[in-house]
Amino acid sequence: RMKKTILLAAMVATFSPAFAAKWGVEADLIQPFIPTVGVYTLHATRETWKIGDEAGELMLGAFLRPLVRQDVVETIDEYLGAVGVRQYFWRGAHAEAKYYAGYVWGKKNKVDGKDYEGLVQFIEVMVGYRFDLVDIGSGQLYVILQFVVIHGFNPELIIGPRDGKPETFLEGKLMLGYRF
């Protein structure tokens with residue numbers, strides 16, 4: 001019953017004339033330039049519900065890691081899609097969760113020397129703050145600073161033995177975005 005009430009409230013908030021949903025696009029400013037990371041992430045967001053005065057967003061995205069030197073395999077290629085949610089709870093402060101799934105190619109594992117490839121999936125859970133910068137046209141430029149926990153599922157089956165290296169990581173992100 002509670003789930004139905006929340007779903008109904010979200011639908012009413014979404015389609016109410018008083019609720020003007022906003023779209024957004026975001027890209028990571030740091031990870032593409034870290035040598036052993038080399039990840040390009042892009043997201044599209046849509047403000048879809050409100051809890052009190054605070055917005056909730058649905059997210060779709062892409063995770064692109066083209067031919068990057070890595071610590072488990074000599075080079076890795078990863079291409080994934082993402083789906084997620086973000087809930088604001090005070091001004092720009094928010095919590096977010098995303099699920100990624102796609103395909104990975106790992107060339108020359110550093111433990112056994114073999115090539116690996118297969119389906120890959122992982123989750124990200126994060127907290128952060130959105131800083132609104134400047135209005136541009138009918139939209140707004142912003143940056144998001146986030147602290148992230150990432151966990152992969154069955155990585156040893158995907159890119160081979162990890163030699164004790166963890167598959168749960170802590171990291172920071174700096175996203176540049178535009179809401180319209």
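Q: Where does Arg-130 lie?
A: Arg-130 is found in strand E6. A strand is a DSSP run of E with at least two residues, a helix is a run of H or I with at least four, and both are numbered from the N terminus.

Q: What kind of model is this, and how are its residues numbered?
A: This is a predicted model, in which local features need pLDDT of at least 70 and side-chain atom pairs count only at pLDDT 80 or more, while totals for chains, interfaces and linings use all residues. Residues are numbered from 1 along each chain as its sequence is written, and side-chain values use heavy atoms, with hydrogens and water left out.

Q: What is the mean pLDDT of the protein?
A: The mean is 89, and 87% of the residues reach 70 or more. For scale, pLDDT is the predictor's confidence in each residue, from 0 to 100. Over residues 11-18 the pLDDT is below 50.

Q: How many helices and strands are there?
A: The protein has two helices and eight strands. Read from the N terminus, their order is α-β-β-β-β-β-β-β-α-β.

Q: Why does Arg-130 count as buried?
A: Buried means under 20% relative accessible area, exposed means over 50%, and partly exposed is in between (1.4 Å probe, protein chains only). Arg-130 has 13% relative accessibility, so Arg-130 counts as buried. Across the protein, buried residues make up 38% of the 180 residues.

Q: What makes the pair Arg-130 and Asp-132 a polar contact?
A: A polar contact is a pair of N or O atoms within 3.5 Å; within protein, one must be able to donate a hydrogen and the other to accept it, and residues adjacent in sequence count only if both atoms are side-chain atoms. The side chains of Arg-130 and Asp-132 are joined at 2.8 Å, so the pair is a polar contact.

Q: Which residues does Arg-130 touch, leaving aside its neighbours within four places in sequence?
A: Its contacts (heavy atoms within 4.5 Å) include Tyr-88, His-94, Tyr-142 and Arg-179.

Q: Why is His-151 called partly exposed?
A: The relative accessibility of His-151 is 31%, so His-151 counts as partly exposed. This residue lies in strand E7, and its side chain makes a polar contact of 2.6 Å with the side chain of Thr-168.

Q: How do you know that Glu-57 and Arg-86 form a salt bridge?
A: A salt bridge is a side-chain nitrogen of Lys or Arg within 4 Å of a carboxyl oxygen of Asp or Glu. For Glu-57 and Arg-86 the closest N and O atoms are 2.9 Å apart, so the pair is a salt bridge. Glu-57 lies in strand E3 (residues 54-69) and Arg-86 in strand E4, so the pair ties together parts that are 29 residues apart in sequence. By this rule the count is 11 salt bridges.

Q: Are Glu-57 and Arg-86 buried or exposed?
A: Glu-57 is buried, with a relative accessible area of 2%, and Arg-86 counts as buried at 1%.

Q: How close are the N and O atoms of Glu-96 and Lys-98?
A: The closest ones are 2.7 Å apart, in a salt bridge. Salt bridges that share partners join residues into one network, including Glu-57, Arg-86, Glu-96, Lys-98 and Arg-179.

Q: Which backbone oxygens lie by the side chain of Gln-87?
A: Gln-87 is in strand E4 (residues 73-90). A polar atom of its side chain lies 3.1 Å from the backbone oxygen of Ala-55 and 3.5 Å from that of Glu-54.

Q: Why is Ile-136 called partly exposed?
A: Ile-136 has 41% relative accessibility, so Ile-136 counts as partly exposed. Ile-136 is in strand E6.
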